[in-house]
Amino acid sequence: MKATVKTNHHNYLVVIRQRYDEFEEMARKLSVTVVVCFLILTGILVLVELWVSRQLWKPFHAIIRQLSNYRIEQQELKDLEAGNTEEFKLLAQTLQQMTQSIRNQFLLQKQFTENASHEIQTPIAIISAELESLLQVQNLPEKQLLHIRKSSEALRRLTQLNKSLLLLTKIENNQFSEQINLNISELVENTLLLYEDFSEHKNLQVIQEILPEQFLKINPHLAEILVGNLLKNAIRYNHPGGKVICQVENNSLRIKNTGEPLPFPEKLLFSRFVKHPKYNESTGLGLAIVRQISETYHLKLSYEFDAVNAEHIFTVSW
């Protein structure tokens with residue numbers, strides 16, 4: 001910087017010079033200060049935004065938490081914590097009305113299922129008893145006996161069909177709420193003992209490869225049905241002198257059985273009322289029940305056919 005200064009009738013040229021390195025040092029310090037202040041301000045703004053966002057969405061997360069813990073078969077949904085935000089109040093009110101409506105429909109369907117089970121089983125039991133009484137009558141013509149036996153067989157199938165359909169309905173409605181940490185290894189061993197006579201009747205070779213102490217959290221009654229249906233399927237559709245292999249490994253149950261290839265597309269195997277044409281006495285619901293139980297407890301159910309060994313392989317993993 002330059003300037004002219006007049007003193008005692010003399011003119012003086014004043015030149016002020018600043019070292020460049022001092023200016024650079026000042027600019028660097030000023031830049032660092034600005035950057036630091038900007039970072040601090042940004043951090044404060046982020047923290048404030050997080051705090052405001054958390055306070056703003058706190059009622060929403062409270063509603064989600066209550067809905068996650070809600071069980072339609074056990075309790076009514078209590079008043080949801082909506083806070084003071086009008087939008088969340090409206091959301092809570094709508095969810096309250098919706099869950100109440102769903103619960104009412106669930107209770108009505110549950111009551112209908114229970115009533116249907118009782119009302120249908122009673123006349124079936126009466127008819128069965130009457131048919132048994134007719135079979136005890138002496139000197140009946142062979143033709144009439146044949147009709148009575150056909151009626152008894154049809155009634156038996158009707159009873160089994162009724163039980164299977166009611167069971168499917170109860171599973172779909174989550175009416176089996178009790179769950180325990182069940183020893184699957186022990187369950188499979190006990191179920192094999194129950195079906196031992198059927199296996200010996202068909203001269204089947206039963207191989208057990210069961211790893212002990214394998215547990216699954218499931219309703220014990222439904223676990224018995226799942227394992228029983230798979231084993232019953234492996235025995236019924238096996239050929240005389242065939243083989244059944246039961247494997248319980250880490251978090252999986254695998255049942256293999258020899259037999260002919262499926263007479264229908266594989267994708268229909270777990271569908272309702274799909275059955276082998278050679279076995280008319282089957283209801284076609286056994287594997288459909290297995291699938292429904294698996295879906296209820298988020299189990300992975302799979303099937304494959306080993307053409308080399310002619311084996312059907314069912315696997316349930318968790």
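## Overall shape

A compact globule of 318 residues would come out near 20 Å in radius of gyration, but this chain has 38 Å (taken over C-alpha atoms; the globule rule is 2.2 Å times the number of residues to the power 0.38). Its C-alpha trace spans about 160 × 50 × 35 Å along the principal axes.

Keep in mind that this is a predicted model: local features need pLDDT of at least 70, side-chain atom pairs count only at pLDDT 80 or more, and totals for chains, interfaces and linings use all residues. Residues are numbered from 1 along each chain as its sequence is written, and side-chain values use heavy atoms, with hydrogens and water left out.

## What it's built from

You'll find seven helices and nine strands in the chain (DSSP runs numbered from the N terminus: H or I of at least four residues for helices, E of at least two for strands). Buried residues make up 31% of the 318, where buried means under 20% relative accessible area with a 1.4 Å probe, protein chains only.

## An aromatic cluster

F270, Y303 and F314 form one aromatic cluster. Rings of Phe, Tyr and Trp (its six-membered ring) pair if their centres lie within 6.5 Å; planes under 30 degrees apart are stacked, over 60 edge-to-face, and the rest tilted. The chain has four aromatic pairs by this rule. F270 and F314 sit edge-to-face, 6.2 Å centre to centre with 90° between the planes. F270 is in the loop between β7 and α7, while F314 is in strand β9, 44 residues apart.

F314 is buried, at 4% relative accessible area. The Y303 and F314 ring centres are 5.0 Å apart with planes at 50°, so this pair is tilted.

Technical notes:
Buried < 20%, exposed > 50% of the residue type's maximum accessible area, 1.4 Å probe, protein only.
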